[in-house]
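Hi,

Here is the structure I said I would pass on. Have a look at it first, and then read on for what turned up when I went through it.

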Amino acid sequence: MKKILITGGAGYIGSHTAIAMVNSGFEPVILDDFSNSEKSMLVGLRDILGRDIQCYEGNCNDKTYLEQVFAENDFLGVIHFAAFKAVGESTQKPLKYYANNIGSLLVLLETMEKFEVKNLVFSSSCTVYGQPDVLPVLESTPRKDAESPYGNTKKIGEDILRDYIKSKPGARAIALRYFNPIGAHPSAAIGELPLGVPANLVPFITQTAVGIREKLTLYGNDYDTVDGTCVRDYIHVMDLADAHVKALEYLAQQELDFFDLFNVGTGNGNTVLEVIHAFEKVSGMPLNYQVGPRRPGDVEKTWANTDKINSKLGWKAQYSLEDSLRDSWKWQQKLEESRVLK
């Protein structure tokens with residue numbers, strides 16, 4: 001049995017990745033402290049898969065507990081999602097973010113080395129590029145100073161992995177630089193569950209459409225883009241989940257002491273207004289939105305060059321922007337239905 005530990009596996013991306021792992025013949029084991037996720041995701045996973053996924057409730061910074069998890073399982077590899085991810089909060093509480101995001105990676109690597117687990121896929125981010133000078137972004141594009149402590153933890157995490165592999169520990173690692181995950185499982189059994197006011201565009205759109213939010217504010221419409229709004233590369237979460245499967249399969253074919261980086265995006269950029277209009281098309285609902293001032297720290301435009309992951313990992317995004325928004329809308333409608341029934 002090819003057991004894979006998924007830290008933060010009850011979260012948005014982790015839960016969808018667990019499904020992709022099962023569908024590809026792996027056996028995911030979830031470790032999550034539920035500080036930024038809901039146990040209802042486990043119910044959704046059971047509804048989709050027809051069985052429970054093994055789950056440990058604990059924190060990756062707890063070395064004793066993590067070693068217990070490793071001692072009870074024979075892991076082929078680890079996918080490391082567990083991290084705090086709210087950009088705004090990270091600027092207010094930087095020490096919290098450094099302690100958790102960097103500390104958990106260090107404890108995980110020490111534990112993997114102790115139990116001779118060789119393969120790691122690390123959740124990184126396109127935030128490491130900042131505002132690129134040239135688009136689309138290549139993996140060789142120089143990284144820039146992070147706009148937030150959260151972004152800096154991703155840069156530091158990549159550097160730690162690079163130095164760790166260079167030290168010849170007999171390990172393999174891949175860092176996947178995500179662009180903007182959206183969407184939900186097509187069954188609407190699981191999806192994004194932001195705590196409080198959403199920080200990301202699409203859940204704010206869907207919550208506005210069902211009336212949870214009064215209106216959506218566009219942060220600036222005077223950028224140097226086709227319609228003045230920011231451009232991002234929006235990728236369906238199931239495509240992103242599949243990239244983790246491909247990364248693990250690729251790692252298993254490499255010699256030890258291997259490290260590489262891959263962009264995970266669609267290779268296309270869409271403006272905020274294009275996303276809004278695409279949502280209105282798939283939902284059949286007009287969206288209440290207004291234009292506000294620019295938001296400090298926002299990157300004007302970024303999207304991925306995906307040639308490397310397409311050729312080396314044999315991965316390519318399959319879902320369109322409309323597919324992603326349709327699935328996000330189905331998920332939001334299911335949440336609203338559940339809320340009304342309560």
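First thing to check off: a search of the whole structure turns up zero disulfides. Bear in mind that this is a predicted model. Cysteine 55 is in no disulfide, and the nearest cysteine sulfur, on cysteine 60, is 12 Å away. A pair would need its sulfur atoms within 2.5 Å to be called a disulfide. With a relative accessibility of 29%, cysteine 55 counts as partly exposed. Cysteine 230 is in no disulfide either, with the nearest cysteine sulfur, that of cysteine 126, 12 Å away. Cysteine 230 counts as buried, at 7% relative accessibility.

Now the overall picture. The protein has eleven helices and 13 strands. Its radius of gyration is 19 Å, close to the 20 Å that the globule rule gives for 342 residues, so the protein is as compact as a globular protein of that length. If you want dimensions, the C-alpha trace spans about 55 × 50 × 40 Å along the principal axes. Buried residues make up 55% of the 342. As for contacts, take those with a sequence separation of 6 or more: 80% of them are between residues 24 or more positions apart.

Phenylalanine 122 sits in strand S5 (residues 119–125) and counts as buried, with 4% relative accessibility. Leaving out residues up to four places away in sequence, phenylalanine 122 touches His80, Leu105, Lys154, Gly157, Glu158, Leu161, Ile174, Ala175 and Leu176.

Is asparagine 101 buried or exposed? Asparagine 101 counts as buried, at 6% relative accessibility, where the cut-off for buried is under 20%. Its contacts, apart from neighbours within four places in sequence, are Ala83, Phe84, Tyr150 and Thr153. Asparagine 101 and valine 137 are 36 residues apart in sequence, and their C-alpha atoms are 25 Å apart in space.

Helix H2 (40–49), helix H7 (201–209) and helix H11 (321–341) are the elements that give two or more residues to its lining. There are 29 lining residues in this second largest pocket, and Ser40, Leu193, Trp331, Leu335 and Glu336 lie nearest its centre. Helix H11 gives the largest share of the lining, eight residues. By class, the second largest pocket is lined by 13 nonpolar, eight polar and eight charged residues.

Most residues other than glycine have a negative phi, and most peptide bonds are trans. Here are the places to look:

- The peptide bond from leucine 135 to proline 136 is cis, with omega near -5 degrees. Proline 136 is in the loop between S5 and H6.
- Phenylalanine 34 is not a glycine, yet has a positive phi of about 60 degrees. You will find phenylalanine 34 in the loop between strand S2 (27–32) and H2, and with a relative accessible area of 14% it is buried.
- Alanine 188 also has a positive phi, of about 65 degrees, although it is not a glycine. Alanine 188 lies in the loop between strand S7 (180–182) and H7 and is buried, with a relative accessible area of 5%.

That is what I have for now.

Cheers

Notes
Residues are numbered from 1 along each chain as its sequence is written. This is a predicted model: local features need pLDDT of at least 70, side-chain atom pairs count only at pLDDT 80 or more; totals for chains, interfaces and linings use all residues. Side-chain values use heavy atoms; hydrogens and water are left out. On a 1 Å grid over the protein atoms alone, a cavity is a set of points where a 1.4 Å probe fits but cannot get out, and a pocket is an open set with protein on both sides within 12 Å along at least five of seven lines; lining residues have an atom within 4 Å of a point. Helices (H or I, at least four residues) and strands (E, at least two) are DSSP runs, numbered from the N terminus. Ala, Val, Leu, Ile, Met, Phe, Trp, Tyr, Cys and Pro count as nonpolar, Asp, Glu, Lys and Arg as charged, and the others, Gly among them, as polar. Buried means under 20% relative accessible area, exposed over 50%, partly exposed in between (1.4 Å probe, protein chains only). The radius of gyration is taken over C-alpha atoms; the globule rule is 2.2 Å times the number of residues to the power 0.38. Contact means heavy atoms within 4.5 Å.
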